[in-house]
Amino acid sequence: MTPGQSRRFLIADDYATIRKGLRQILLNEFPSAIIEEVTNAEDLLKRAVLEEWDVVISDISMPGRSGLEILQEVRLDHPTLPFLMLSAHSEDQYAVRVLKAGASGYLKKESAPEELIRAVNQLILGKKYFPPSIAEKLVVTLHRDAAKMPHEYLSDREFEFFKLLAAGKSVAEIGENNLLSASAVSTYRARIMIKMNLKNNAALTLYAIEHELLT
């Protein structure tokens with residue numbers, strides 16, 4: 001950032017009170033900051049990709065697609081964009097998923113303002129930030145998970161759909177054959193991509209072939 005240039009932050013949350021609170025916390029620390037807001041997943045994706053930001057702060061649960069799914073798409077074009085995910089859910093439920101999805105940091109919404117600023121400053125420096133209360137648990141979990149293959153984390157239903165997608169079946173075909181809507185199948189597909197850290201159906205097919213999972 002050049003001298004005199006203001007920090008740029010993008011806040012994504014569908015609750016106005018949350019956005020207002022985050023804005024005020026940021027302005028207290030960065031008085032000259034440029035802070036923009038979006039209220040849904042599609043606007044988050046569009047603005048995160050097309051504009052430059054010092055840090056993007058997003059709720060995990062967004063109207064439409066989830067914040068994690070948007071994060072994975074943003075990572076295709078901006079692999080190093082600092083992305084701080086927020087959630088009202090417990091750290092144990094989401095911290096590992098957030099890290100694996102490519103987030104730079106994670107906080108519960110109820111975290112103190114000081115911790116939010118600490119996290120933002122870490123991200124600006126190009127570092128990651130996860131609460132000290134779960135840092136050790138993340139290390140242990142990731143070390144344990146390293147011994148398992150990505151597809152082993154799929155549920156039985158997800159693994160079934162993974163094989164169908166990898167075999168070239170469309171979302172519409174899978175939905176019709178399983179009495180599900182295309183939207184429901186798309187949700188399964190998004191979960192599979194997140195769990196396996198893959199970008200598209202071609203990557204699914206290649207993975208399945210390499211690990212002999214199509215037989």
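This is a short tour of the structure, stop by stop, with what to select and what is there.

**Before you start**

The model is predicted: local features need pLDDT of at least 70, side-chain atom pairs count only at pLDDT 80 or more, and totals for chains, interfaces and linings use all residues. Residues are numbered from 1 along each chain as its sequence is written, and side-chain values use heavy atoms, with hydrogens and water left out.

Helices (H or I, at least four residues) and strands (E, at least two) are DSSP runs, numbered from the N terminus.

**Stop 1: the sheet**

Select the five strands of the open sheet. Their order is E2-E1-E3-E4-E5, with parallel pairing. Two strands pair if DSSP finds at least two bridges between them. The edges are E2 and E5 (105-108), each of which pairs on one side only. On average, neighbouring strands are turned by 20° against each other, direction ignored. Axes here are lines fitted to C-alpha atoms, for helices over the stretch in contact, and angles run from 0 to 180 degrees between N-to-C directions.

**Stop 2: strand E3**

Now select residues 55-59, strand E3. How many of the five residues of E3 are buried? Five of five are, so E3 is mostly covered. Buried means under 20% relative accessible area, exposed over 50%, and partly exposed in between (1.4 Å probe, protein chains only).

In a regular strand the side chains alternate between the two faces of the sheet. Check the pattern in E3: Val55, Ile57 and Asp59 point one way, Val56 and Ser58 the other.

Next, look at the partners of E3. E1 pairs with E3 in the parallel sense over four bridges. The bridge partner of Phe9 in E3 is Val55. E3 also runs parallel to E4 (residues 83-87), joined by four bridges. In E4, Leu84 is the bridge partner of Ile57, and Leu86 stands opposite Asp59.

**Stop 3: helices on the sheet**

Select H1 (residues 16-29). H1 lies across E1 (8-12), E2, E3 and E4, running at about 165° to E2. Contact means heavy atoms within 4.5 Å.

Zoom in on Arg19, which is found in H1. Is Arg19 buried or exposed? Arg19 is buried, with a relative accessible area of 12%. Leaving out residues up to four places away in sequence, Arg19 touches Ile11, Asp13, Asp14, Glu37, Val38 and Thr39.

**Stop 4: a salt-bridge network**

Side chains of opposite charge can pair when their charged atoms come close. A salt bridge is a side-chain nitrogen of Lys or Arg within 4 Å of a carboxyl oxygen of Asp or Glu. By this rule the count comes to 11.

Select Arg8, Glu36, Arg47 and Glu51, which are linked in a network of salt bridges. Arg8 and Glu51 meet at 3.3 Å, N to O. That pair links distant parts of the chain: Arg8 is in E1, Glu51 is in the loop between H2 (41-50) and E3, and they are 43 residues apart. Arg47 and Glu51 meet at 2.8 Å, N to O.

Arg8 counts as partly exposed, at 22% relative accessibility. Arg47 is also listed as partly exposed, at 22%. Glu51 is partly exposed at 27%.

Turn to Glu36, in strand E2 (residues 34-38). Glu36 is partly exposed, with a relative accessible area of 29%. Glu36 and Arg8 are 28 residues apart in sequence and 8.0 Å apart in space, C-alpha to C-alpha. Not counting residues up to four places away in sequence, Glu36 touches Phe9, Leu10, Ile11, Arg47 and Trp53.

**Stop 5: H7 against H9**

Two packed helices are described by the angle between their axes and the distance between the axes. Select H7 (residues 156-166) and H9 (residues 182-196). Their axes come within 10 Å and cross at roughly 95°. H7 and H9 are therefore roughly perpendicular, the term for angles of 65 to 115 degrees (under 35 is roughly parallel, over 145 roughly antiparallel, the rest oblique).

Show the side chains. Arg157, Glu158, Phe161, Phe162 and Leu165 in H7 meet Tyr188, Arg189, Arg191, Ile192, Lys195 and Met196 in H9. By class, this contact has six nonpolar, no polar and five charged residues. Ala, Val, Leu, Ile, Met, Phe, Trp, Tyr, Cys and Pro count as nonpolar, Asp, Glu, Lys and Arg as charged, and the others, Gly among them, as polar.

Finish on Lys195 and Glu158, whose side chains meet in a salt bridge at 2.7 Å, N to O. Lys195 in H9 and Glu158 in H7 are 37 residues apart. Lys195 is partly exposed, at 22%, whereas Glu158 counts as buried, at 4%.
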